[in-house]
Amino acid sequence: MILKFSERLYADLNKDLNTLLLEEDHLVKRLEQSVHLCLRSLRKLKEFCKQHEPGSAEDEIQFFKKIKPKFKCQLIFHQSLLNIELRKPIGDSKVISDYYSQEINILNHFFESNRSFFQYVRTQATYLDQHYFMRGEYDVQLDPDLCVIDFDPAFSTSHDNKLAQVLASALLQEHLEQAICKLSRKEAISGTDQELTDFDWKQTKVALIELVYSWHATEAFGKKNLKSIVKFIERAFNISLGNFYDTYDWLCGRPSPTLYIDEMKEAFMTRLQKKLKY
């Protein structure tokens, strides 16, 4: 029962996060709202867990190893990214790249400090699951999360939070590395031709995804598949379009699926009519 509930809840969380990614262009505001979404989902999971206890030791391990850390990972990731963006220095691409690199070094230090547990997770080992992911277990020899003392004992094990931290740190490292690559590409372009500086996409991501699907449907790039087109557009416009498949589903349910395309047509016709007047 708890597995099905958690799958639906996590799918809803991802859908809400993706919608927020598309609708809120201000990064700090989006991250703040994302944190609240994650907190809300985690609270719902906690309430359901307390009302529907795992039926066996295997179910308990499954919940605290596979289910809860996914939700906590999203919370830690978005909160950590928010903190990084709030502390981000003002400066050129090199200054920001150096700052992101320092944050990656901090993450590497975390991985190094938790090497044995990180290796356990990466190799998908199970021989210590009973100690790591069952409530009431606290083995000082296995480097438990010290904060577990202050956690709700009915909703925490000695390592489920540490697992969430490992997962979130991996996501954060990937995000920062991609951000550094974008800054490098932008710096390379501006260094080649000053006129090409600041050509980032200024409209919404939804608007660009409307165009991507239209280009794919009309074979504007030949027989290229959709994923390849998205990858090219992301690199060209220095943008991440997230889960564009979910966005397409969202567009299909919108009253006007082609809102930006209609706006473009109207703007073009207005310009054309002005020309025809003279």
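In this predicted model, I261 is in contact with E210, L211 and S214 once its neighbours within four places in sequence are left aside. The residue belongs to helix α11, which covers residues 259-277, and I261 counts as partly exposed because its relative accessible area is 26%, a value that falls between the limits of 20% for buried and 50% for exposed residues. A further relation across the sequence is found between I261 and A207, which are 54 residues apart along the chain, while their C-alpha atoms lie 7.7 Å apart in space.

A second residue considered in this way is E103, which is found in helix α4, a helix made up of residues 93-113. With residues up to four places away in sequence not counted, E103 touches I84, R87 and L176. The relative accessibility of E103 is 11%, and the residue therefore counts as buried, since the buried class comprises values under 20%.

Empty space in the model was also examined. Rolling a probe the size of a water molecule over the atoms shows where such space is left. The largest pocket holds about 1900 Å³ of space. Its lining consists of 44 residues, of which R30, H175, K182, K205 and S240 are the closest to the centre of the pocket. Two or more lining residues are given by each of the helices α1 (2-23), α2 (27-51), α3 (57-87), α4, α7 (160-192), α9 (226-237) and α10 (244-252). The largest share of the lining, ten residues, comes from α7.

Attention then turns to charged pairs. Side chains of opposite charge can pair when their charged atoms come close. Eleven salt bridges are present in the structure. In one of them, the side chains of D16 and R40 meet with a nitrogen-to-oxygen distance of 3.3 Å, and this pair links distant parts of the chain, given that D16 lies in helix α1 and R40 in helix α2, 24 residues apart. D16 counts as partly exposed because its relative accessibility is 30%, and R40, with a relative accessible area of 41%, is likewise partly exposed.

Another salt bridge joins the side chains of K68 and D160, with 2.9 Å between nitrogen and oxygen. K68 lies in helix α3 and D160 in helix α7, so this pair ties together parts of the chain that are 92 residues apart in sequence. Both K68 and D160 are buried.

A salt bridge is also formed by the side chains of K88 and E85, for which the distance from nitrogen to oxygen is 3.1 Å. Elsewhere, salt bridges that share partners join E53, E60 and R135 into one network.

Conventions. Residues are numbered from 1 along each chain as its sequence is written. This is a predicted model: local features need pLDDT of at least 70, side-chain atom pairs count only at pLDDT 80 or more; totals for chains, interfaces and linings use all residues. Side-chain values use heavy atoms; hydrogens and water are left out. Helices (H or I, at least four residues) and strands (E, at least two) are DSSP runs, numbered from the N terminus. Buried means under 20% relative accessible area, exposed over 50%, partly exposed in between (1.4 Å probe, protein chains only). Contact means heavy atoms within 4.5 Å. On a 1 Å grid over the protein atoms alone, a cavity is a set of points where a 1.4 Å probe fits but cannot get out, and a pocket is an open set with protein on both sides within 12 Å along at least five of seven lines; lining residues have an atom within 4 Å of a point. Grid points are joined across faces, edges and corners, and a volume is the space filled by probe spheres set on the points. A salt bridge is a side-chain nitrogen of Lys or Arg within 4 Å of a carboxyl oxygen of Asp or Glu.
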